[in-house]
Amino acid sequence: MCLQFTKRLEKLIFKEKICSDVYHIKYTFPESLNYKAGQYLGIQINPIYRRVYSIFRAKGGVVEFLIDTSPGGLASQYFESASIGSENLIIGPYGNFFLRQNQKRIKVLVATGTGVVPFLNWLESDQTILEKYKFLILFGARKLEDELVYRFLPRARNISIVHCITREDKPQSYNENYPNCIFFKGRVTDYIEQLDFKECDDVEFYACGSAHTVEDVKQKIREKFNQETIVEDYG
Ligand SMILES: Cc1cc2nc3c(=O)[nH]c(=O)nc-3n(C[C@H](O)[C@H](O)[C@H](O)COP(=O)(O)OP(=O)(O)OC[C@H]3O[C@@H](n4cnc5c(N)ncnc54)[C@H](O)[C@@H]3O)c2cc1C
């Protein structure tokens with residue numbers, strides 16, 4: 001029988017720092033839990049403090065997250081110091097940040113930092129969408145070392161990746177390290193400014209990340225393409 005909702009103690013079984021402040025975290029998880037790509041789970045940090053995290057992967061009795069500890073609040077501090085074997089109440093899934101499977105063939109996915117997690121989850125969990133749609137991922141970070149897209153989707157067909165990097169020039173080794181990706185010096189909103197589509201009706205925009213980035217992206221897309229963006233706001 002498939003579970004629709006979980007609320008139980010799960011064990012931290014893997015923790016690895018993958019870039020400046022981002023940890024790849026894995027917990028045990030009910031194998032039978034039914035969730036939809038793009039949803040998130042609550043992790044109880046202490047009896048009165050809970051934060052939510054987008055599901056990166058969930059299969060084979062394991063759920064994975066990418067957790068940015070740079071916000072520096074209680075949850076960030078918790079994950080900085082949490083040890084393997086720690087137990088936390090995991091609750092959910094929640095949310096409706098789903099890929100709209102409609103006639104719009106080009107999906108523009110805009111994210112900064114761990115805002116890319118629900119997009120990775122969509123793209124990894126359903127191969128059929130890669131046949132139906134073309135994806136353009138605009139990923140924003142200060143430095144390339146904080147890259148979170150190509151490392152997980154290196155050879156995916158129908159996915160183009162643009163790295164919008166604010167605090168670093170294009171390194172000489174870029175094309176070798178990130179074949180078929182585009183380096184752009186600037187913010188994701190600067191890249192959107194120069195985007196051009198022959199047929200805008202064929203394009204759908206999504207954005208995920210911190211509140212101010214999501215707001216800026218929505219605003220820019222409204223001005224430039226007169227379209228609404230489907231968003232998930234991390235606060
Ligand atoms: C639907 C949803 C999904 C989320 N998924 C993820 C995820 O997959 N990975 C992840 O790292 N975080 C994710 N978050 C953010 C997460 O829930 C916490 O807010 C974050 O870990 C900070 O918690 P804290 O207790 O350390 O700091 P808090 O005291 O809660 O926050 C400190 C400050 O940081 C801001 N902030 C919170 N998150 C971010 C962020 N990612 N980037 C920039 N500023 C931020 C807050 O607005 C606040 O001003 C998600 C949030 C939501 C609402």
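Predicted model: local features only at pLDDT ≥ 70, side-chain atom pairs only at ≥ 80, totals over all residues.
I then looked up the aromatic pairs, whose count comes to 20. For F119 and W122 I noted ring centres 5.1 Å apart and planes at 70°, and since planes over 60 degrees apart count as edge-to-face, the pair is therefore edge-to-face. I also noted that F119 and W122 are three residues apart in helix 2 (residues 117–125), and so are separated by about one helical turn, and that both are buried. Another edge-to-face pair that I looked up is Y174 with F183, at 5.4 Å centre to centre and with 80° between the planes; Y174 and F183 are both buried.

Next I turned to charges over rings. I found K26 over the face of F14, 4.4 Å from the ring centre, and the charged end of K107 over the ring of Y133, at 4.5 Å from its centre.

Last, I followed helix 6 (residues 211–225), which has 15 residues and spans 21 Å from first C-alpha to last, close to the 21 Å expected at 1.5 Å a residue. I listed its buried residues as T213, V214, V217, K220, I221 and F225; seen down the axis of helix 6, the buried residues fall within an arc of 130°, so they line one face of the helix. On the other side of helix 6 I found H212 and E223 exposed. Covering the buried residues of helix 6 I noted, among others, strand 8 (106–112), helix 5 (188–193), strand 12 (203–209) and strand 13 (230–233). After helix 6 comes N226, for which I recorded a positive phi, near 55°.

How values were computed:
Residues numbered from 1 in each chain as written. Heavy atoms only, no water. Phe/Tyr/Trp six-rings, centres within 6.5 Å; stacked < 30°, edge-to-face > 60°. Helix = DSSP H or I, 4+ residues; strand = E, 2+ residues; numbered from the N terminus. Buried < 20%, exposed > 50% of the residue type's maximum accessible area, 1.4 Å probe, protein only. Lys NZ or Arg CZ within 6 Å of the ring centre and 35° of its normal. Expected span 1.5 Å × (residues − 1). Arc of directions from axis to C-beta. Contact = heavy atoms within 4.5 Å.
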